[in-house]
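Here is a short report on one predicted model.

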Amino acid sequence: MSIKAIQQAIKEYNTIIIHRHVRPDPDALGSQAGLRELIKASYPEKQVYVVGEDDPSLTFLVKMEKIDDSVYQNALVIICDTANTARIADERYSLGDKIIKIDHHPNVDPYGDIRWVDPTASSTSEMIYAFYLQAEGLTMNDAAARLLYGGIVGDTGRFLFPSTTNKTLQYAAELVTYDFDRTKLYDGIYNVKDNIARMRGYILQNFTLDNGLSVIKLKRDILDEYNISPLETGQLVGTLGEVEGILAWVFFIEEEDQIRVRLRSKGPVINGVAAKYNGGGHPLASGASIYSWEEADDVVEDLKETVLQYKL
Ligand SMILES: [Mn+2]
């Protein structure tokens, strides 16, 4: 069973390096750093590192560490919240002696020597808490609880999304018994800079709505006008979620060398469309990359069809 195998591997290695996906969100960082705190509290003699690029808007949660390539020698590498190897932040993960995948996205790329993938989990942070409960003799602490709670909150949209289960709420209830500042945590996750708020205003003024599908195209000029970096566009995609009549929506975001496609849905399963354009993700939240605005039109056609089928 994977939980046993994962704990066994953690016991065997003195150096453990934890990775997660590029462009981190609270769940990526919460599961990554929450697992580090859990391992450190349970096995104080071990060296545990978290790596990957920092996102300035999330460094209040945790800051990454700079480590030398040599640290990977005889190290255990654990990768959290990352469906496929192309999305792993810091490609040195492959230098590790053994690789473990812990994730809640569909297992399209079953990488790693040990895999624990549970698409029914709301978040990878929820899985890390389940790991703590089911493994033997582990120690939870305030720092780990804060990170895991933050990850669950982030991935469930504050317990709003249908991925939230009774287990999610039960774990959250247990996590808040630890000592951390919940208000400060929410402020950190949900405070937005004024440029993001103004960009949201633009989106709310300019989205289209046609038969349950909403489309928004953010081209380079408009992103520059609002001074939005590629990293910040992740904070925009939830904007249309509460508009009545929208079943699915898509953001096309023009970047240097690609157009990022961010898909969201309140019913129609849209990760098939993402997969068609070499992307992937969850049934109701996924993404892809395309390389022309003609291709964007193809994506819209496919989404129209998907929403139509759903409504039948
Ligand atoms: Mn996640």
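## Strand pairing around β10

Strands β9 (residues 280–282) and β10 run antiparallel and are joined by 3 bridges. Two strands count as paired if DSSP finds at least two bridges between them. Helices (H or I, at least four residues) and strands (E, at least two) are DSSP runs, numbered from the N terminus. Gly 281 has Ser 286 in β10 as its bridge partner. The two strands β9 and β10 form a hairpin, with 2 residues between them.

Strand β8 (residues 259–265) also runs antiparallel to β10, with 6 bridges. Here Val 261 stands opposite Ala 288 of β10.

## Faces of β10

Side chains alternate along β10 (residues 285–290). Ser 286, Ala 288 and Ile 290 point to one face and are buried (under 20% relative accessible area; exposed is over 50%, partly exposed in between; 1.4 Å probe, protein chains only).

## Manganese site

Asp 27 (OD), Asp 81 (OD), His 104 (NE2) and Asp 155 (OD) coordinate the manganese ion at 2.1 to 2.3 Å. Donors are N, O and S atoms within 2.8 Å of the metal (3.2 Å for Na, K and Ca); water is not among the atoms, so sites may look incomplete. The donor spacing along the chain is D-x53-D-x22-H-x50-D.

Asp 27 sits in helix α2 (residues 26–42), and His 104 in the loop between β4 (98–103) and β5 (114–117), so this pair ties together parts 77 residues apart in sequence. Both Asp 27 and His 104 are buried.

## Basis

Residues are numbered from 1 along each chain as its sequence is written, and side-chain values use heavy atoms, leaving out hydrogens and water. In this predicted model, local features need pLDDT of at least 70, side-chain atom pairs count only at pLDDT 80 or more, and totals for chains, interfaces and linings use all residues.
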